[in-house]
Amino acid sequence: MKKHGIVLVDLETLSETLGAEDEDFETVLCQHIEVSGLQIPVYNQELAIALLELTDMQRSILLQNVVLNITLKKIACELKISERMARKHKHNAIESIRRRMKRR
């Protein structure tokens, strides 16, 4: 179905026709978010939306720390901010995601 120039796909129907062995299966069912030059797959659409609503700084710090296991100290050093500020950005990101996920 196409609406307003956007192609809408029924994932339930599509997931029945695609199998895990199909190379495009993963890209249909997940959103990739880039951080530090890496594409991080996010399989929960609500979480992906919540992550994309964060500021670039919040998203970068949160994903580098939680997903890539980079210490806040190292992230802060690379971003030329204090470790305390990096911690604050991470905390604000988590709170923002928590609020977003509760609204659903």
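**View 1. E95 and R98 within helix α6.** E95 and R98 both belong to helix α6, where three residues, about one turn of the helix, separate them. In this predicted model, their side chains form a salt bridge with an N to O distance of 2.5 Å. E95 is partly exposed, at 24% relative accessibility. R98 is also partly exposed, with a relative accessible area of 42%.

**View 2. R87 and E83 within helix α6.** A salt bridge joins the side chains of R87 and E83, at 3.3 Å from N to O. Both residues lie in helix α6, four residues apart, or about one turn of the helix. R87 has a relative accessibility of 44% and counts as partly exposed. E83, at 33%, counts as partly exposed too.

View 3. The closest N and O atoms of R100 and E46 are 3.6 Å apart, and the two residues form a salt bridge. R100 is in helix α6 and E46 in helix α3, so the pair ties together parts that are 54 residues apart in sequence. R100 is buried, because its relative accessible area of 19% falls under the 20% cut-off. E46, with a relative accessible area of 26%, is partly exposed. The count of salt bridges in the model comes to five.

**View 4. The N-terminal end of helix α3.** N44 caps this end of α3. A side-chain oxygen of N44 lies 2.9 Å from the backbone nitrogen of E46.

**View 5. The buried residues of helix α3.** In helix α3 (residues 45–53), the buried residues are A48, A50 and L51. They cover an arc of only 165° around the axis, which puts them on the same side of α3. Their packing partners are β3 (31–35), β4 (38–42), α4 (56–66) and α6 (83–103).

**View 6. The chain as a whole, with its confidence.** The protein chain has six helices and four strands, in the order β-β-α-α-β-β-α-α-α-α along the sequence. Of its 104 residues, 28% are buried. The accessible surface comes to about 7,600 Å², and carbon and sulfur atoms account for 52% of that area. Mean pLDDT over the chain is 82, with 72% of the residues scoring at least 70. Helix α5 (residues 72–79) has the highest confidence, at 97, and strand β1 (residues 2–3) the lowest, at a mean of 45. Over residues 1–5 pLDDT stays under 50, and the model gives this stretch five contacts beyond four places in sequence.

Note on methods: Residues are numbered from 1 along each chain as its sequence is written. This is a predicted model: local features need pLDDT of at least 70, side-chain atom pairs count only at pLDDT 80 or more; totals for chains, interfaces and linings use all residues. Side-chain values use heavy atoms; hydrogens and water are left out. pLDDT is the predictor's confidence in each residue, from 0 to 100. Helices (H or I, at least four residues) and strands (E, at least two) are DSSP runs, numbered from the N terminus. Contact means heavy atoms within 4.5 Å. Buried means under 20% relative accessible area, exposed over 50%, partly exposed in between (1.4 Å probe, protein chains only). Accessible areas come from the Shrake-Rupley method with a 1.4 Å probe; for residues, only the protein chains shown count as cover. The arc is that of the directions from the helix axis to the C-beta atoms. A polar contact is a pair of N or O atoms within 3.5 Å; within protein, one must be able to donate a hydrogen and the other to accept it, and residues adjacent in sequence count only if both atoms are side-chain atoms. A salt bridge is a side-chain nitrogen of Lys or Arg within 4 Å of a carboxyl oxygen of Asp or Glu.
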